[in-house]
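Please keep the structure open while reading.

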Amino acid sequence: MTGQMLVQGRSNSGKPSKTLLKSQETHFTDHFSQSKSLNSSSWVSLNSVKIFTFSLLVLTVAAFIFLRSTADPSSLLCFHKTSPKSLNHIDFPEIDWNSIEPIVDKSSPYASFRSEQWIVVSVSDYPTDSIRNLVRIKGWQVLAIGNSKTPVDWSLKGTIFLSLEDQSKFGFRVFNLLPYDSYVRKSIGYLFAIQHGAKRIYDADDRVVVIGGDLGKHFDLKLSSVNTLQERILQYSNENLNRTVVNPYIHFGQRSVWPRGLPLENVGEIAHEEFYTERYGGMQYIQQGISNGLPDVDSVFYFTRKMDLEAFDITFDELTPKVALPRGLMVPLNSFNTMFHLSAFWAMMLPASVSSMASDVLRGYWAQRLLWDIGGFVVVYPPTIYRHDKIEAYPFSEEKDLHVNVGRLIKFLISWRPSKQKLFDKILQLSYEMAKEGFWMEMDLKFTASWLQDLLAVGYKPPRQLALGSDSQKASTGHGEKREFVPRKLPSMHLAVKESDTVNYEIGKLIRWRKNFGNIVLIVFVTGSVERTALEWRLLYGRIFKTVIMLSEKAYADLSVEQAHLDQIYKYLPTIFEKFPSAEGFLFLKDNTILNYWSLVQADRSKLWITDKVPQSWITVSPTGNNSIWFSKQANMIKKVVSTMPVHLQVSYKDNSPKGQSIIVCSSELFYIPRRFVGDFVDLVGLVGNLKMHYTVAIPIFFMAMDSPSNYDPIFDAMIYSAGASSSPNETSIYSAQVPALYPWSVSGESDFIKLVRYMAAGDPLLMELM
């Protein structure tokens with residue numbers, strides 16, 4: 001992807017590692033120097049620690065500049081987050097919850113003010129019309145949280161504004177753990193609201209317009225009312241134990257739109273629910289609203305859905321009923337259209353060590369896992385706001401770690417089991433283990449500890465926990481029989497295909513392909529630029545194959561690319577086989593070969609697939625010809641391996657191999673191994689042992705030993721294979737959607753990927769969604 005792309009606006013980096021080290025002191029002191037109410041002596045007192053550690057900061061900045069000169073900073077950040085083994089030892093905070101001293105607002109102009117309902121927004125510029133509209137909502141107090149970019153004379157009648165200087169006076173432990181120029185400073189606003197009587201907090205931003213100007217018409221505000229407690233809420237089914245996350249936009253009529261924070265491998269899941277269950281209301285402590293206009297989408301969606309500067313104006317079905325998430329099933333949550341009730345106030349902290357575009361997403365998944373322990377659940381509501389698309393830009397790197405880590409995070413959270421008993425101890429334990437796993441840094445563990453202490457200090461009382469077994473994550477929470485609900489079909493964001501019967505037909509094909517290949521593991525070996533193509537390959541094939549394993553000569557932890565050597569790639573495959581014991585089969589593919597997956601539907605998935613009938617790929621070679629030394633060594637290794645084969649493998653190989661001293665060499669750009677042959681393949685790898693047999697020699701030996709070529713499925717026989725062609729042939733002349741695969745093809749970056757998608761759309765029109 002390009003370095004800049006048009007996306008929804010947010011304050012820039014929320015990462016103290018990049019922003020604070022270079023500008024925290026400047027922003028903080030510059031902001032304070034413009035305020036007349038903070039004299040020099042109080043400033044010195046407030047900043048004594050910073051003055052004392054200034055030299056350490058200088059050294060850190062110097063080290064960071066050096067690292068930036070040798071590596072991409074976003075990659076550096078991702079490395080820390082995805083390589084837990086590289087982290088230093090992390091100590092678990094020991095806190096005496098009974099010794100927390102109260103923090104009382106005695107000096108601010110709002111010391112005596114109390115309100116049960118608060119709207120918290122972050123402001124970096126002068127008041128917007130959206131904020132003025134929020135102030136007009138009856139019964140709600142707007143709290144605007146400033147940062148180092150906020151004008152010093154910010155003011156709006158009816159709004160409580162907390163500048164950085166104001167925030168420093170409350171004595172909250174979290175104050176200095178937050179970046180000074182980021183929206184995550186809203187965490188201080190949450191504490192202030194709780195301190196001043198909050199029972200409900202609406203998490204918003206400065207561009208939302210509440211539809212109808214009444215939050216009570218959209219959200220459930222009185223959870224203890226009889227109507228709420230007796231209401232039956234539609235709920236996703238958790239019958240599929242392998243499903244861990246859902247795209248709620250499908251339920252509300254937009255199948256081709258996905259929310260920020262949804263793992264990219266789930267983007268292709270566009271079918272509506274076969275059925276729902278129901279549950280009673282009353283414990284929907286976190287309520288996520290849907291946004292018309294510009295919904296919460298990631299940069300991949302935002303950038304690939306528009307070719308110009310036209311603003312998004314997406315509409316969701318306002319008549320669709322709200323939907324609940326059962327225990328064991330998660331959904332992306334954000335920080336600009338979410339209602340939190342008192343029992344979930346502990347879940348509002350925004351982590352500070354991750355990028356700004358990842359902070360609220362990580363908070364949401366972290367909170368949902370803990371919410372289950374108090375019996376709470378999340379409900380997603382039909383459109384509650386209209387959000388304007390400002391057509392602003394920010395670096396794709398702000399989301400890079402989010403796309404890589406979120407799928408792994410969800411799996412971790414679903415399987416996580418606490419050993420602690422009290423809720424705050426569990427919260428601290430989960431934050432600690434997330435730091436150890438690299439989902440965020442140790443700084444956020446310290447932030448969690450400070451946040452929990454500040455909560456108690458302002459008078460917050462933790463909710464009671466639900467007495468439910470720790471192994472009941474997928475326990476049924478539905479009531480009554482299964483319920484069917486089919487969402488309305490709204491105009492979708494398919495760029496190349498109009499929303500019509502044609503789209504319904506194409507979606508039907510996509511679903512069939514996913515059912516056909518959903519249990520096959522695709523293994524892609526990247527020979528080109530991993531940084532510029534790995535995410536693209538995963539996005540392209542992840543729509544069809546539920547599991548896509550990326551390999552290259554070098555590991556890229558931030559991109560979930562594993563290291564393996566192509567020359568002996570067959571030796572790494574047993575490791576993958578072991579990871580997926582229930583997979584139906586394993587399909588290997590090099591990135592210089594394009595797979596037209598729609599042409600593989602008729603192939604027999606219980607048979608071996610390889611290019612044995614493609615003359616340019618499957619070649620008989622004499623060890624005494626050209627390059628005789630290399631081929632002679634390979635032939636000798638073949639003899640050693642064959643001599644140790646079990647009888648069934650040896651007989652099969654000798655029956656199918658060329659006579660005399662000739663050997664078979666196969667280019668092995670793509671091949672398929674069904675589950676029933678995995679054991680034989682693993683045994684053959686063991687027989688090779690430490691021999692340096694090249695994969696182009698080993699793969700055909702293994703295939704001929706496992707089964708007769710007459711039994712191979714002929715699916716690859718019709719592939720286009722241009723031996724000796726350049727890696728970038730004339731694509732117009734080589735590409736055909738009617739063949740199963742094409743070789744060679746080169747994708748070195750975004751422009752090549754877009755060109756490829758346009759060609760492949762002839763076989764899969766919905767691929768144009770990726771553009």
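Helices (H or I, at least four residues) and strands (E, at least two) are taken here as DSSP runs, numbered from the N terminus. The model is predicted. In this numbering, lysine 590 belongs to strand S17, which covers residues 585-590. Lysine 590 is buried but forms no salt bridge, and the nearest side chain of opposite charge, that of glutamate 669, is 4.9 Å away. The side chain of lysine 590 does make a polar contact of 3.2 Å with the side chain of tyrosine 695.

Five of its six residues are buried, so S15 is largely enclosed by the rest of the structure. Strand S14 (residues 520-525) pairs with S15 in the parallel sense over five bridges, and isoleucine 523 has isoleucine 549 in S15 as its bridge partner. Together with helix H17 (residues 530-542), S14 and S15 make a right-handed β-α-β unit. S15 also pairs with strand S16 (residues 561-563), again in the parallel sense, over three bridges. In that pairing serine 552 stands opposite glutamine 563 in S16.

S22 and strand S23 (residues 741-743) run parallel and are joined by two bridges; tyrosine 721 has tyrosine 743 in S23 as its bridge partner.

Helix H24 spans residues 750-760, and its buried residues include Phe753, Leu756, Val757 and Met760, along with the acidic Glu750 and Asp752. Viewed down the axis of H24, the buried residues fall within an arc of 155°, so they line one face of the helix.

Which charged side chains pair across the chain? The search of the whole structure finds 25 salt bridges. In one of them, glutamate 116 meets arginine 200 at 3.8 Å, N to O. Glutamate 116 is in the loop between helix H5 (73-82) and strand S2 (117-122), while arginine 200 is in strand S5 (residues 200-204), so the pair ties together parts 84 residues apart in sequence. Glutamate 116 is partly exposed at 39% relative accessibility, whereas arginine 200 is buried at 14%.

Another salt bridge joins aspartate 764 and arginine 543 at 2.8 Å, N to O. Aspartate 764 lies in the segment after H24 and arginine 543 in the loop between H17 and S15, 221 residues apart. Both are buried: aspartate 764 has a relative accessible area of 0%, and arginine 543 has one of 4%.

A further salt bridge, at 3.5 Å, N to O, links glutamate 562 and lysine 579. Glutamate 562 lies in strand S16 and lysine 579 in helix H18 (residues 573-579), so this pair connects parts 17 residues apart in sequence. Glutamate 562 is partly exposed at 21% relative accessible area, and lysine 579 is partly exposed at 46%. Elsewhere, salt bridges that share partners join Arg327, Arg369, Asp373 and Lys426 into one network.

Definitions and conventions:
Residues numbered from 1 in each chain as written. Predicted model: local features only at pLDDT ≥ 70, side-chain atom pairs only at ≥ 80, totals over all residues. Heavy atoms only, no water. Buried < 20%, exposed > 50% of the residue type's maximum accessible area, 1.4 Å probe, protein only. Pairing = 2+ DSSP bridges. Right-handed = clockwise from strand over helix to strand, strands pointing away. Arc of directions from axis to C-beta. Salt bridge = Lys/Arg side-chain N within 4 Å of Asp/Glu carboxyl O. Polar contact = N/O pair within 3.5 Å; in protein donor to acceptor, adjacent residues only side chain to side chain.
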